[in-house]
Amino acid sequence: MLLSKGAQKKTSPIATTSKTHGGSPKGKTRANWNSMLEKTLVDLLHEHNTPEYKGNNGWTPDAWNKIAKEFQERERYAGFSKVQIQEKEKELKRDYRMLKDARKQSGVSWDEKRCMIQADPPIWDNIIKSFPRAKKFRNKSFPLFEALGELHDGNTAEGTYNFTSTQPNGPDL
């Protein structure tokens with residue numbers, strides 16, 4: 001028997017605002033982050049940036065459990081899982097490294113007040129060719145750049161002494 005439109009069950013407006021990953025077999029909901037939530041995460045990462053919570057490859061599992069728990073306590077309405085929080089940290093780290101490399105390009109400057117790369121359009125075209133994900137930062141600030149630099153600079157292998165295990169020998173010293 002068909003129900004009238006008024007008698008049909010309506011979905012919650014909260015449930016319909018989340019996006020799902022396209023083609024995801026589990027139908028995971030995508031976390032909707034904003035700048036305040038990102039800042040909360042970076043603040044928590046700074047609080048846990050100690051030898052007790054850091055291993056060779058980032059934060060320990062115990063640290064991630066604490067970071068996720070504290071994030072959920074501070075941002076109760078967000079409802080993000082530990083995995084979603086870890087994925088956001090990876091995204092922020094990737095964006096930081098990309099912008100750090102883009103800033104090294106000739107003709108590029110950094111606007112400290114606006115936390116943005118400043119460059120002429122042809123230089124931006126070259127940046128986007130080299131770093132396609134940088135396109136979103138052409139007109140968008142990245143105020144967490146300095147805070148992420150404090151977390152990640154010096155903690156990852158870069159430059160001359162960085163080599164992969166597939167290379168037959170390390171760098172010549």
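1. Angles between axes under 35 degrees count as roughly parallel, over 145 as roughly antiparallel, 65 to 115 as roughly perpendicular and the rest as oblique. The axes of α4 and helix α6 (residues 145–152) come within 10 Å and cross at roughly 100°, so α4 and α6 are roughly perpendicular to each other. Axes here are lines fitted to C-alpha atoms, for helices over the stretch in contact, with angles from 0 to 180 degrees between N-to-C directions.

2. The contact (heavy atoms within 4.5 Å) is made by E89, L92, K93, Y96, L99, K100 and R103 of α4, together with F145, E146, L148, G149 and H152 of α6. By class, the contact of α4 with α6 has 5 nonpolar, 2 polar and 5 charged residues. Nonpolar covers Ala, Val, Leu, Ile, Met, Phe, Trp, Tyr, Cys and Pro; charged covers Asp, Glu, Lys and Arg; the others, Gly among them, are polar.

3. This is a predicted model, in which local features need pLDDT of at least 70 and side-chain atom pairs count only at pLDDT 80 or more, while totals for chains, interfaces and linings use all residues. Residues are numbered from 1 along each chain as its sequence is written, and side-chain values use heavy atoms, with hydrogens and water left out.

4. D95 is found in helix α4 (residues 82–103). D95 counts as buried because its relative accessibility is 3%; buried means under 20% relative accessible area, with a 1.4 Å probe and protein chains only. Neighbours within four places in sequence aside, D95 is in contact with K136, F137 and F142.

5. Buried residues make up 31% of the 173 residues in the chain.

Definitions and conventions:
Buried < 20%, exposed > 50% of the residue type's maximum accessible area, 1.4 Å probe, protein only. Helix = DSSP H or I, 4+ residues; strand = E, 2+ residues; numbered from the N terminus.
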